[in-house]
Amino acid sequence: LFQVVDFSPFLASAGVKREASTKDIFRLMIDSPASVLASVKSEEKYKMFLRRVAAHRPFRRVTPQIRDSPFLLAYSVSEDQTEKPKYELAAAKDVYIIDNSFFGRMFPVKRAPHESDLEDFYALIGSKYISKEVNKKYDVEKLRDGWHEDPETGEEFFFVKNPALGLWACKSRFEARDEEEGSATKKAKVE
């Protein structure tokens with residue numbers, strides 16, 4: 001990553017550093033993250049640099065250059081979650097911090113490493129917590145099992161309050177119950 005030479009008092013007097021500073025490493029990570037990752041040849045070593053930068057932030061404020069640079073490690077998990085997560089470099093806005101495991105399993109997003117110090121650093125840079133990004137569109141307490149229509153889009157959707165039972169549900173049971181509820185409502189109106 002950096003050119004290494006035998007260190008001597010002469011080099012020290014000329015201003016050569018014994019080792020790269022966190023600021024030097026961070027500047028390289030921002031300017032050319034792919035070449036830094038290629039130089040260190042491992043995800044774990046790159047993550048070590050991220051930990052160092054997170055622990056000793058070499059900047060006073062987050063600039064657009066820092067926020068938009070794809071220097072953060074992001075992980076993608078396969079749909080069935082049987083394979084080892086794949087990593088890639090991404091900008092903060094493209095990475096989510098998984099603070100809700102249910103949402104993490106439900107949505108295939110690029111994830112921050114699951115380490116509290118790195119999660120805090122990713123949030124500082126501009127990554128979002130997944131729980132704050134998921135919108136609640138329907139009040140599931142008020143929905144009943146069966147077909148519904150989205151009032152905004154007109155799109156139909158099928159709702160099952162207990163998904164485990166929904167795997168065994170028959171459409172005819174819902175239709176029969178809808179007819180029973182409909183006739184009970186009609187009787188109530190007549191009386």
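Helices (H or I, at least four residues) and strands (E, at least two) are taken here as DSSP runs, numbered from the N terminus. By that count, the protein has 10 helices and 6 strands. The model is a predicted one, so to speak of local features a pLDDT of at least 70 is needed, side-chain atom pairs count only at pLDDT 80 or more, and totals for chains, interfaces and linings use all residues. Residues are numbered from 1 along each chain as its sequence is written, and side-chain values use heavy atoms, with hydrogens and water left out.

Start with the overall picture. Of the 191 residues in the protein, 28% are buried, where buried means under 20% relative accessible area, exposed means over 50%, and partly exposed is in between (1.4 Å probe, protein chains only). Taking contact as heavy atoms within 4.5 Å, 53% of the contacts between residues at least 6 apart in sequence join residues at least 24 apart.

Next, the strands. Strand β1 (residues 72–76) has 4 of its 5 residues buried, so it is largely enclosed by the rest of the structure. It pairs with strand β2 (residues 86–90) in the antiparallel sense over 5 bridges; for two strands to pair, DSSP has to find at least two bridges between them. Within this pairing, Tyr75 sits opposite Tyr87 of β2.

Now for the helices. Two packed helices are described by the angle between their axes and the distance between the axes. Helix α2 (residues 22–31) packs on helix α4 (residues 43–55) at about 120 degrees, and the axes are 10 Å apart. This makes α2 oblique to α4. The axes are lines fitted to C-alpha atoms, for helices over the stretch in contact, with angles running from 0 to 180 degrees between N-to-C directions; under 35 degrees is roughly parallel, over 145 roughly antiparallel, 65 to 115 roughly perpendicular, and the rest oblique. On the α2 side, the contact is made by Thr22, Ile25, Phe26 and Met29, and on the α4 side by Tyr46, Phe49, Leu50, Arg52 and Val53.

Lys47 lies in helix α4 and, at 10% relative accessibility, counts as buried. Leaving aside neighbours within four places in sequence, Lys47 touches Leu73, Tyr75, Glu115 and Leu118. Lys41, in the loop between α3 (33–40) and α4, counts as exposed at 72% relative accessibility. Most residues other than glycine have a negative phi. Lys41 is not a glycine, yet its phi is positive, at about 60 degrees.
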